[in-house]
Amino acid sequence: MEPDTATVRPRLRPSSGRQPSPARGGAPAMGRAGWSLWPRAPPPAHAQPPGMAVAMAPRVLPLPRQQSFTPPLVLNPFVHPGSLSTGDKLRTVLQGVILLPLRLVSITFLLLLAWLSASIATFCQPGRGVQPLKGWRRRMVQITLSGVTRMAYFVMGFQVKVKGKVASLSEAPIFVAAPHSSFFDGIICALTGMPSIVSRAENLSTPVFGTILRSLQPVVVSRQDHDSRKNTVAEITRRAQSRGQWPQMLIFPEGTCTNRSCLITFKQGAFIPQVPVQPVLLRYPNRLDTVTWTWQGYSFKELCLMTMCQIFTRIEVEFLPVHVPTEEEKSDPILFANRVRQTMANALNLPVTDHTFEDCRLMISAGQLTLPMEAGLVEFTKISKKLNLKWNHVREQLDTFAAIASASKGGRIGIEEFAEYLKLPISDVLKELFLLFDRNGDGTIDFREYVIGLSILCNPANTEETIQMAFQLFDLDEDGTITEGEFACIIQSALRLPDLDVSALFKEIDADETGKVSYEEFKNFALKHPEYASLFTTYIDLQRHQLGMFEEHNTEPQALISETTPLARNKVCPEGGEDSSTTSDKKED
C-alpha cells in the first residue's frame with residue numbers, strides 16, 4: 001500500500017549520549033531519559049521572532065494527498081430521485097386509464113403461455129439442473145420463450161433498437177451486460193436466444209416465474225451455503241468451458257442496479273473462466289425515466305405501473321465486438337474485468353467508479369443508523385484493497401461514525417462534534433487533526449474520509465511504541481500509574497488551556513474506577529480510540545514545527561536559549577546535564 005504522505009512523520013530517536021533506563025511500574029521499558037526532541041513548551045511571546053504569532057496559521061503542517069484517494073466523479077450511483085411533474089402525472093393517469101387494463105390482460109395471457117411452454121420443456125427432464133437441456137427441449141425454450149418474451153415487451157410499449165451482431169456460442173460463451181439499472185434489462189435474454197443466468201435459489205420456488213426460470217437452467221446461488229460464491233464461480237467456469245454442451249450465459253457483472261451514471265466495479269465471476277466474452281450495452285433514451293430501479297427511488301410496483309402507462313418506452317441494446325482475453329488477462333481476472341469495463345465505459349461515454357454491492361449494504365446500514373443512506377458509500381472496492389479492510393470492520397466503523405455524527409445534520413462530522421466525541425475543547429492541535437481527516441477541505445468529515453483517516457492516520461500511529469511513550473509522558477512521578485492530576489497537567493499544557501476540566505475523559509480511561517490509570521487501562525483505551533494516537537503525534541509535529549520556526553529566526557547559541565527560555569521538564573525531557581545532548585540529536589532528527 002502506498003503511504004499517505006500527509007502521515008509520514010519523523011520518528012523520535014533516543015539520544016546517543018545516554019543508555020535508556022528501565023521503566024517502572026506498568027509500562028514496558030522505553031528509555032525515559034534520552035528523547036532528543038520531546039515536548040518543549042513553545043517560546044514565550046517575548047522570545048518569539050517578529051511576525052510569529054501564537055495563534056496557529058490556517059495551515060501549519062503540509063497536507064499532500066494521494067490522487068488515488070480522491071472522491072469518485074459520481075458520488076452515489078445507487079439513487080434515482082426522479083419525480084414526475086404535474087403534467088407528467090396527469091398524462092400518465094389519462095394514458096393509464098386506457099392502456100393499463102389492456103396491457104395487464106395481455107401480459108397475463110403471455111405469462112401463462114410462457115409458463116406452459118417452460119413446463120413442457122422441463123417435464124420429466126433427465127438430470128434436472130445437472131445436465132443441459134438438449135434436442136427439442138432446448139429448441140422449445142429458444143424459440144417459444146424467446147418469441148413470447150419479445151411479444152410481452154411489445155405489448156408493454158417497448159421499442160427495442162438493436163446494434164451490432166450477437167456472437168455465437170463458439171465465439172463467446174458469456175455475455176456481460178451493463179449498466180444494469182432495471183428488471184427490464186431482461187430483454188437481452190430474448191435477443192440472445194434465452195441464455196442461462198445467475199439467480200437466487202429462492203426464485204425457483206416462486207409460482208409461475210419459478211418454472212419459467214428453471215427452463216433457462218440458471219446457475220443457482222444459495223444464501224444458506226457458506227461456499228456459495230466459490231461454488232457459483234466453479235459452476236460458471238464448468239459451463240463456459242464445456243465446449244458448447246451448455247447454452248451461453250448472461251451475466252450482469254456489476255451485481256446490482258445503478259442509475260446508469262457510471263459503471264461500478266465488475267465482479268470477477270464472468271472473467272475467471274478465461275473465455276471470450278461479448279460486452280452488451282443498455283441505454284434507455286427516454287424523456288421520462290420510468291425504468292430505473294435503484295436502492296433509493298421508485299419501488300418495483302411503481303415502476304411497472306408507470307411504464308405500462310406510457311405510450312412507448314425506448315430501449316437500445318448494443319452488442320460490442322467479442323473481447324478475447326490475452327494471456328495476461330487470463331492469469332489476472334481483475335485486469336480482464338477492468339479492461340472490459342473500460343471498453344464499455346468508453347462506448348457509453350461514462351466514468352467508472354469503485355463502488356460495489358458492499359457499498360449498498362453499508363448504505364442500508366447507514367439508513368438503519370438514522371444517517372442519510374448515501375453516507376455509507378465509501379467505494380468499497382478501492383478502500384478494501386488499498387487499506388486491507390474487511391466489510392465487517394468498515395461496518396463497525398460506521399457505528400462509531402454514526403455515534404459522532406448523530407448530533408449533526410447531513411451525516412457529516414463538524415469540528416464541534418469531533419471535539420465533543422474526544423471530550424476535548426477546540427484547540428490548535430485538534431484543528432490540525434481535524435484537517436488531516438478532512439481530505440477535501442470542506443470543513444466536515446464524511447464517512448469515507450473517516451475510514452481513510454482511521455486507517456492511514458490513526459491506526460499506524462497507534463503502535464505499542466507510541467502508547468508506551470504517551471503513558472510515560474503522563475506518568476510524571478514514574479510510579480507506573482497516572483493520576484487525574486498528572487493527566488490534567490499534560491493535557492492542559494499540550495492544549496494551552498490551564499483551566500480545562502478533563503475529569504470526564506479521565507473517568508472514561510479509568511475503567512476500574514480506582515482514581516489511577518494503569519498501563520493496561522491506558523493501552524486498552526488507546527486501542528479502542530485510535531483518534532487519540534493521531535492527536536498525540538499531531539501535537540508532536542506542531543512542537544517540532546514551532547521549534548523549527550523559532551530556531552530559524554534565532555541566531556543566538558543554543559546555550560543562551562536554554563538560559564532565557566523556560567522549558568517543560570519531566571522525565572522525557574530531563575533537566576540539568578541531560579539536556580546537553582539535545583542539540584546534536586535535534587540536528588540528527
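1. Leaving aside residues up to four places away in sequence, P372 touches A366, G410 and G411, where contact means heavy atoms within 4.5 Å. The model is a predicted one, in which local features need pLDDT of at least 70, side-chain atom pairs count only at pLDDT 80 or more, and totals for chains, interfaces and linings use all residues. Residues are numbered from 1 along each chain as its sequence is written, and side-chain values use heavy atoms, with hydrogens and water left out.

2. P372 sits in the loop between helix 9 (357-368) and helix 10 (380-387), helices being DSSP runs of H or I with at least four residues and strands runs of E with at least two, numbered from the N terminus. P372 counts as partly exposed because its relative accessibility is 26%, the class between buried (under 20%) and exposed (over 50%) with a 1.4 Å probe and protein chains only. The C-alpha atoms of P372 and R412 are 9.5 Å apart, although 40 residues separate them along the chain.

3. Helix 5 (residues 228-240), with 13 residues, reaches 18 Å from its first C-alpha to its last, close to the 18 Å expected at 1.5 Å a residue, a span taken as 1.5 Å times one less than the number of residues.

4. The buried residues of helix 5 are S228, T232, E235, I236, T237, R239 and A240. What covers these buried residues includes strand 2 (174-178), strand 3 (198-200), strand 4 (219-221) and strand 5 (249-251).
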